[in-house]
Amino acid sequence: MTKVRELLDIPPQVRKMDFTVALTEGVAHPKQTMATYVVTPRIADAFDQALGMIDGALRDGRSSGTYLHGSFGSGKSHFMAVLSLLLTDEELAWGRSEFHDLRTKYPWVGTTKVLELQMHMLGKDSLEAAIYPAYLEYLDAHHPGAPTPGVFADEELFDNAAAQLDRMGEAAFFGPMNHGVEASSAADDEGWGEWAEEERWTRESFDEARASTEPKRRAELLHALLETHFQAFRRSARAYKELDEGLWALSQHAKALGYDVVVLFLDELILRMSMGAAQPQWLNDMVMSMIKLVESNHSNRAVPIVSYIARQRALQEMVGDQLAGPDSHRLQHALSLARGRFGPLELPND
């Protein structure tokens, strides 16, 4: 006779962390992620809404964002990990019968090129310090031969480069930058002919690029400098452009790589912001930066950017009475602007 314990897989012990799925780990281990995820009808509807955001962004060419709102234990990180797997056309995810209707509804999955960045925001002091390094790491992993995106504040670097050029002389300075320029056919073979150098760097071309207002030309010089004389500068958060300008450059770069949309998963962003209540100016700046994820001074982002922000409670509730007077007024104004741009996508507890 079969015993009940033979039908159930009961672990010898259960810990709180057994119910927690970190976003990046969930994406890295799809088999385990899908094996432990239960898709109820209401959860399936939430995935429909989430995919619908990207569908709308692709159709309209406009950036958008939403709060993934759910109480503690509702599985926000797990939800984002599964959504990421769906977007990468992971067979283990789409094999679930609960998603079959969504596959028919969104036929662009698997054919549209989606660039996904997963970020855990605890410990990050700005959106720039989270998004730009994540993008650079993505390039290192998936496009190691790609030029450096124009997300760096290049003015100071160009000034330093000019001073270094004067000290070193043209031969020593331009030698590393011109190494392998003649073999530009390799870049063409990889689909990077548009970005490949068309000439050797000289004092004249350096000065022309440094003074240029054309983003592509500046990016060519920036790439050459970061690959040679200023390699350590590549990872410096102090060198990043303000978010609006940087996201515009990032979208241009992603389009050149053949992507149709950029998707940002921002885990624990609201919790991180609530921890900065003692710095009201920083907190207000963070809220305004968050708004720039979807609203840009540039009307022509090359590809739309879709942002999913995990939220357990509204920020004003988490900050509570820690802000008062003018600080509270400024924050409430910023949050009212954000509410008009980020609607909540409710994650049920069932």
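The face of helix H9 turned away from its buried side carries the exposed residues Glu156, Asp166 and Arg167. Here buried means under 20% relative accessible area, exposed means over 50%, and partly exposed lies in between, with a 1.4 Å probe and protein chains only. This is a predicted model, in which local features need pLDDT of at least 70 and side-chain atom pairs count only at pLDDT 80 or more, while totals for chains, interfaces and linings use all residues. Residues are numbered from 1 along each chain as its sequence is written, and side-chain values use heavy atoms, with hydrogens and water left out.

**The chain as a whole**

- The chain contains 18 helices and five strands; helices (H or I, at least four residues) and strands (E, at least two) are DSSP runs, numbered from the N terminus.
- Of the 350 residues in the chain, 48% are buried.
- Among contacts with a separation of 6 or more, 79% come from residues 24 or more positions apart, a contact being heavy atoms within 4.5 Å.

**Helix H9**

- Helix H9 spans residues 154–168, which gives it 15 residues.
- From its first C-alpha to its last, H9 reaches 20 Å, close to the 21 Å expected at 1.5 Å a residue; the expected span is 1.5 Å times one less than the number of residues.
- The buried residues of H9 are Asp154, Leu157, Phe158, Ala161, Ala162, Gln164 and Leu165.
- These residues lie on the same side of H9 because they cover an arc of only 165° around the axis, the arc being that of the directions from the helix axis to the C-beta atoms.
- The cover over the buried residues of H9 includes helix H10 (170–178), helix H12 (203–211) and helix H13 (215–226).
- After H9 comes glycine 169, which has a positive phi, near 90°.

**Salt bridges**

- Side chains of opposite charge can pair when their charged atoms come close.
- The whole structure holds 14 salt bridges, each being a side-chain nitrogen of Lys or Arg within 4 Å of a carboxyl oxygen of Asp or Glu.
- Aspartate 159 and arginine 210 form one of them, with their closest N and O atoms 2.7 Å apart.
- Aspartate 159 belongs to helix H9 and arginine 210 to helix H12, so this pair ties together parts that are 51 residues apart in sequence.
- Aspartate 159 is partly exposed at 40% relative accessibility, and arginine 210 is partly exposed with a relative accessible area of 29%.
- Arginine 203 and aspartate 166 form a salt bridge in which the closest N and O atoms are 3.0 Å apart.
- Because arginine 203 lies in helix H12 and aspartate 166 in helix H9, the pair ties together parts that are 37 residues apart in sequence.
- Arginine 203 counts as partly exposed at 28% relative accessibility, whereas aspartate 166 is exposed, with a relative accessible area of 55%.
- Aspartate 60 is partly exposed at 49% relative accessibility, and arginine 59 is exposed at 57%.

**Strands S2 and S3**

- Strand S2 (residues 114–120) has five of its seven residues buried, so it is largely enclosed by the rest of the structure.
- S2 and strand S3 (residues 261–267) run parallel and are joined by seven bridges; two strands pair if DSSP finds at least two bridges between them.
- Histidine 120 has aspartate 267 in S3 as its bridge partner.

**Aromatic pairs**

- A pair of aromatic rings is described by the distance of the centres and the angle of the planes.
- The structure holds 14 aromatic pairs; rings of Phe, Tyr and Trp (its six-membered ring) pair if their centres lie within 6.5 Å, and planes under 30 degrees apart count as stacked, over 60 as edge-to-face and the rest as tilted.
- The rings of tyrosine 67 and phenylalanine 342 have centres 5.5 Å apart and planes at 35°, so this pair is tilted.
- Tyrosine 67 lies in strand S1 (residues 64–69) and phenylalanine 342 in strand S5 (residues 342–346), so the pair ties together parts that are 275 residues apart in sequence.
- Tyrosine 67 is buried, with a relative accessible area of 5%, and phenylalanine 342 is buried, with 2%.
- Tyrosine 138 and tyrosine 259 form an edge-to-face pair, with 6.1 Å from centre to centre and 70° between the planes.
- Both tyrosine 138 and tyrosine 259 are buried.
- One aromatic cluster is formed by Tyr37, Phe47, Phe79, Trp94 and Phe99.
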